[in-house]
Amino acid sequence: MKNKFSYVIALLLVHSILIYGWGDKGHKTITLFAMKLIPQQMYLSEDMKLAIIEHSVDPDKRKRDDRSEGPKHFIDIDYYKEYMDGKIITSLDTLKKLYGEKAVVKEGILPWATEDSYSKLIGAFKSGNKDEIILYASDLAHYVEDGHQPLHATVNYNGQLTDQKGIHSRYEIDMVDDSLNAIKNGFMLQNPFYVKDLSGYIFDYIMESNSYVEMLLSADKYSSGKTDGKFNKEYYRLLWLKTKYITINEFNFGALSLASLIYSAWVDAGKPKIPD
Ligand SMILES: [Zn+2]
């Protein structure tokens, strides 16, 4: 029993350590995109926007001291047969009853961490506490952004099941950091909207992320095949060539989701004046 327990802890640690989620530059870029979309009527100050961009990477840092933080950054949605059959279970309790708490935590609790930050942000808007608004808007930013990273929505999050180990950071950090200018040039102006069905919306974008996993894996296979398995400049050039459309789309989609959720939390709070 003790061994089994240590094994689960070890698995949790491995999963949590590996998973960063776009890296710092990726996170800050999506948050920057989102801040450009925030509706004028909110009068969110430039200082607040800058603070939210800056702090959108904090949840990754919290993983170092807080073991409960790791599973909040992903959900291995294809672990669950219900989801893959199109039956979306949005209740964490229902899922725990079906699979057991340990398994559910191990496979990641990203959707519910996102909902939790959303409710806390409503509370922060209501109380008008500037630090709390920054904290929870930044947390929300981080989890929404992780939800738009396809490799945060699959059991095969690091290519470990298809002999493509390391794809996680090759894609979300090395390639994204290399191609940041091109990504920034791909910024799209979009109109945020009020999200009526919070968990339905979150699960929808996570399912969309999951649908891109095959494409990322095949792009990695193609690129490493051309470079004899070497992850050199040419590999990253090819990986970018094959994945730039979905990557730029996910950055913009992540920004739209984030701006829409921040706007919706503010509406749910009764549209209060936000401190600057
Ligand atoms: Zn993360």
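## Where α2 meets α14

Gly26, Thr29, Ile30, Thr31, Phe33, Ala34, Met35 and Leu37 in helix α2 meet Phe251, Asn252, Gly254, Ala255, Leu256, Leu258, Ala259 and Ile262 in helix α14; contact here means heavy atoms within 4.5 Å. Before going on, note that this is a predicted model, where local features need pLDDT of at least 70 and side-chain atom pairs count only at pLDDT 80 or more, while totals for chains, interfaces and linings use all residues. Residues are numbered from 1 along each chain as its sequence is written, and side-chain values use heavy atoms, with hydrogens and water left out.

Helix α2 covers residues 23–37 and helix α14 covers residues 233–268. Helices are DSSP runs (H or I, at least four residues), numbered from the N terminus. The two pack at an angle of about 55°, their axes 8 Å apart. That makes α2 oblique to α14. Angles under 35 degrees count as roughly parallel, over 145 as roughly antiparallel, 65 to 115 as roughly perpendicular, and the rest as oblique. Axes are lines fitted to C-alpha atoms, for helices over the stretch in contact, and angles run from 0 to 180 degrees between N-to-C directions.

## α8 against α14

Helix α8 (residues 110–127) also crosses α14, at roughly 50°, with the axes coming within 8 Å. That makes α8 oblique to α14. On the α8 side, the contact is made by Tyr118, Leu121, Ile122, Phe125 and Lys126. Their counterparts in α14 are Leu261, Ile262, Ser264, Ala265, Trp266 and Asp268. The crossing of α8 and α14 is right-handed.

Rings of Phe, Tyr and Trp (its six-membered ring) pair if their centres lie within 6.5 Å; planes under 30 degrees apart count as stacked, over 60 as edge-to-face and the rest as tilted. Take Tyr79 and Tyr80: their pair is edge-to-face, at 5.1 Å centre to centre and 90° between the planes. Tyr79 is partly exposed, with a relative accessible area of 36%, whereas Tyr80 is buried at 0%. Buried means under 20% relative accessible area, exposed over 50%, and partly exposed in between (1.4 Å probe, protein chains only).

Tyr83 and Phe203 make a stacked pair, 5.6 Å centre to centre with 10° between the planes. This pair links distant parts of the chain: Tyr83 belongs to helix α5 (residues 81–84) and Phe203 to helix α12 (residues 198–211), 120 residues apart. Both Tyr83 and Phe203 are buried. One aromatic cluster is formed by Tyr79, Tyr80, Tyr83, Tyr99, Trp112 and Phe203.

## Charges over rings

Lys36 has its charged end over the ring of Phe187, 4.6 Å from the centre. Lys242 has its charged end over the ring of Tyr222, 4.4 Å from the centre. A charge sits over a ring if NZ of Lys or CZ of Arg is within 6 Å of the ring centre and within 35 degrees of the ring normal.

## Two loop residues

Asn156 lies in the loop between α9 (130–146) and α10 (167–178). Asn156 is buried, with a relative accessible area of 7%. Not counting residues up to four places away in sequence, Asn156 touches Leu151, Leu161, Thr162 and Leu217.

Lys196 is in the loop between α11 (180–185) and α12, and counts as exposed at 78% relative accessibility. The C-alpha atoms of Lys196 and Leu261 are separated by 9.9 Å, with the two residues 65 residues apart along the chain.

Notes. Left-handed = near helix turned anticlockwise from the far one by under 90°.
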